[in-house]
Amino acid sequence: MTHDTHPGTAMVTGASSGIGAIYADRLAARGYDLILVARTFERLDGMARTLAAATGRRVDTLVADLNDPAALATVEAMLRDRQDITLLVNNAGVGAVAPLLQSDVDAMDAMLDLNVKALTRLTYAAAPGFVARGRGAIINIASAVAISIEVLNGVYGASKAYVLALTQSLQHELADKGVRVQAVLPGATATDFWTVAGLPHSNLPAGMVMDAQEMVDAALAGFDAGEVVTIPALEEGGDWDAYDAMRRNLSGRVSTSQAASRYRVADVVPTPTTGNQGQ
């Protein structure tokens, strides 16, 4: 695919390390100016200076903890106000590996605030402007646990299933308005995510852990190919197509005026009681 020489400005959240930092590098190389969002100024500033020097692109930074409502509102305002933004990469997120019953509910609540609430609010902030301009894209970093729901922590998996569902719904709603939406479902990826979650990826079988640069490059190849859902490790793309086709077929058969016959309880004639009643 030939990339636009001046494709606009990309905002990348969680941009100071890991997947977000690689997206920033790749998008700058594609000609995007950047707005990098993360919690730590020093790391973010150093990365911005390096990228700007290497690529000649404009690289702005915005220090924001997306779990802080005031900081989140600042990022939302920038997405609404900056007319040059053409791409939002919703990468910021956190995970958990402990079973639900062994997890702290407050930590789960904070995870939902970041993985679901912040992502949703940023999407709402960006989408109307993209529609008005007839141009834009949103890349949501989900996870393979969005469909492998029995793996890892159940709240984490549910948060990523939400990201997948939101992406598919948005693509359905916005595709004819010049706006593209993509969900990326990485499997285990070699980043600090696993250490923060409590299980360093070095403890996982090497054959199931993908290099983060390879993952991002595969995700961008899927974006170039027009995929709505990209699973970097999935060899046969037709497997996802078949899975999604089955889901769509099923969705057309789940709302009717009567319960399925297997759930209908036939009228049962009460069985007469035996014995002498009332004596």
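Start by selecting residues 18–29, which form helix α1. This helix has twelve residues and reaches 17 Å from its first C-alpha to its last, close to the 16 Å expected at 1.5 Å a residue. The model you are viewing is predicted.

Stay on α1 and colour the buried residues. Nine of the twelve are buried, so the helix is mostly covered, where buried means under 20% relative accessible area. The buried set is Ile19, Gly20, Ala21, Ile22, Tyr23, Ala24, Arg26, Leu27 and Ala28. Now step just past the end of α1 to glycine 31, where phi is positive, at about 105 degrees.

Zoom out to the whole protein. What does its secondary structure come to? The count is eight helices and seven strands. Of the 279 residues in the protein, 43% are buried. Among contacts between residues at least 6 apart in sequence, 68% join residues at least 24 apart.

Next, select leucine 79, in helix α3 (residues 69–81). Is leucine 79 buried or exposed? Its relative accessibility is 3%, so leucine 79 counts as buried. Show the residues around it. Leaving aside residues up to four places away in sequence, leucine 79 touches Met11, Ile85, Leu88, Leu122, Ala125 and Ala126. Pick out methionine 11: it is 68 residues from leucine 79 in sequence, yet the two C-alpha atoms are 8.3 Å apart in space.

Now select two helices together, α4 (residues 105–133) and α5 (residues 154–174). Two packed helices are described by the angle between their axes and the distance between the axes. Here the angle is about 10 degrees and the axes are 9 Å apart. Because angles under 35 degrees count as roughly parallel, α4 is roughly parallel to α5.

Show side chains where these two helices meet. On the α4 side are Met108, Met111, Leu112, Asn115, Val116, Leu119, Thr120, Thr123, Ala127 and Val131. On the α5 side are Val155, Tyr156, Ser159, Lys160, Tyr162, Val163, Leu166, Leu170 and Leu174. By class, the contact has 14 nonpolar, four polar and one charged residues.

Keep α5 on screen and select threonine 167, which lies in this helix. Threonine 167 has a relative accessible area of 0%, so it is buried. What does threonine 167 touch, not counting residues up to four places away in sequence? The list is Asn140, Val181, Gln182, Ala183 and Val228.

Two loop residues remain. The first stop is leucine 152, in the loop between β5 (136–141) and α5. Most residues other than glycine have a negative phi, and most peptide bonds are trans. In leucine 152, phi is near 65 degrees, a positive value in a residue other than glycine. With a relative accessible area of 26%, leucine 152 is partly exposed.

The last stop is alanine 175, in the loop between α5 and β6 (179–184). Alanine 175 counts as partly exposed, at 43% relative accessibility. Alanine 175 and valine 131 are 44 residues apart along the chain, and their C-alpha atoms are separated by 9.8 Å. Valine 131 is also one of the α4 residues that meet α5.

Terms used: Residues are numbered from 1 along each chain as its sequence is written. This is a predicted model: local features need pLDDT of at least 70, side-chain atom pairs count only at pLDDT 80 or more; totals for chains, interfaces and linings use all residues. Side-chain values use heavy atoms; hydrogens and water are left out. Helices (H or I, at least four residues) and strands (E, at least two) are DSSP runs, numbered from the N terminus. The expected span of a helix is 1.5 Å times one less than its number of residues. Buried means under 20% relative accessible area, exposed over 50%, partly exposed in between (1.4 Å probe, protein chains only). Contact means heavy atoms within 4.5 Å. Axes are lines fitted to C-alpha atoms, for helices over the stretch in contact, and angles run from 0 to 180 degrees between N-to-C directions. Angles under 35 degrees count as roughly parallel, over 145 as roughly antiparallel, 65 to 115 as roughly perpendicular and the rest as oblique. Ala, Val, Leu, Ile, Met, Phe, Trp, Tyr, Cys and Pro count as nonpolar, Asp, Glu, Lys and Arg as charged, and the others, Gly among them, as polar.
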